[in-house]
Amino acid sequence: SGGSKTKAKAPSFLTFEQIGGQDRAKKELMEALDFIVKHEQIAKLGIRPLKGMLLTGPPGTGKTLMAKAAAHYTNSVFLAASGSEFVEMYVGVGASRIRDLFREARQKAAKENKDSAIIFIDEIDVIGGKRDGGQHREYDQTLNQLLTEMDGIHTAETPRILLMAATNRKEMLDSALLRPGRFDRHIEVDLPDKKGRLAILNIHAKNKPLADDVNLELIAEQTFSFSGAHLESVLNEAAIYAMRDESETISQKHLTLAIDKVMMGEKTDRETNN
Ligand code: ATP
């Protein structure tokens, strides 16, 4: 929020329309979110409130975008953290950070006069990995605190709190996290298919000057196994190629070069990681 002196500033909220592809995931998510929106009916029917939702899938597929859009859709305040932020050398620090996060969510909702808060924790596997009998005591305390906070969420309470977490290693998660009343709803956010890739390309091409020869459908065809983050990169790299060519528009050639560049980058990443 704030003044809009700079023109064409992106809005601070994110809607589901700005997420390309992922039709099934979006539909499932919106249905689940109606639990928050229709909370009075939910309470009357005695349905257990939805406390936790797990988004699973490879990196860069839009899990964070989904959580942000969920906050906008439900008119909730949004707080984000990453699992790695809770990993500390000193025992108890991670746990107290979890406590702070929930406190902050309640405070922020009160301040902004909102009935609900969505807390998003990326890389939940870092703190929610399988407990193995005392080897990672510090992680255990953090995880236990998270479970305690989740168990303390009640429907009658304002703000209603929904925890959304993301991981690309679901099989690593401790079973305590997956129990009913915790992260019992899972939404898969997979790599986009061709139609999804085209939708994502169109979204990120919106503010870019494309030449007449550009065929995004062809680009979507040539980017099998690319994530949304990769596709955003392709458009960005293509714009850089256009600049190098001193061209005012991005042509199909720039896009083709950019595909190679992004693919190469991915390879070098993998080589340095392994
Ligand atoms: P990670 O697991 O690495 O945190 P993520 O699934 O949370 O990844 P996001 O942070 O949501 O991925 O996406 C990264 C960026 O990639 C976004 O900011 C956006 O530019 C682009 N992106 C990814 N998926 C999509 C999509 N479905 N539609 C539009 N843009 C996308």
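Modeller: A nonpolar core is a set of buried (under 20% relative accessible area, 1.4 Å probe, protein chains only) Ala, Val, Leu, Ile, Met, Phe, Trp, Tyr and Cys residues joined through side-chain atoms within 4.5 Å. The model is predicted: local features need pLDDT of at least 70, side-chain atom pairs count only at pLDDT 80 or more, and totals for chains, interfaces and linings use all residues. Residues are numbered from 1 along each chain as its sequence is written, and side-chain values use heavy atoms, with hydrogens and water left out.

Colleague: Which element gives the most to the largest nonpolar core?

Modeller: Among the 27 residues of this core, those touching the most other members include Phe102, Ile119 and Leu146. Helices (DSSP runs of H or I, at least four residues) and strands (E, at least two) are numbered from the N terminus. S2, S3, S4, H6 and H7 are among the elements that each supply at least two residues. The most, five residues, comes from helix H4.

Colleague: Which strands stand at the edges of the sheet?

Modeller: Strands pair if DSSP finds at least two bridges between them. The open sheet has five strands in parallel pairing, ordered S2-S3-S4-S1-S5. Each edge strand has a single partner, so one side of it is left without a neighbour in the sheet; these strands are S2 (77-82) and S5 (183-188).

Colleague: Over how many bridges do S1 and S4 pair?

Modeller: Thr56 stands opposite Thr167 in S4. Strand S1 covers residues 52-56 and strand S4 covers residues 160-167. Their pairing is parallel, and the number of bridges is five.

Terms used
Buried < 20%, exposed > 50% of the residue type's maximum accessible area, 1.4 Å probe, protein only.
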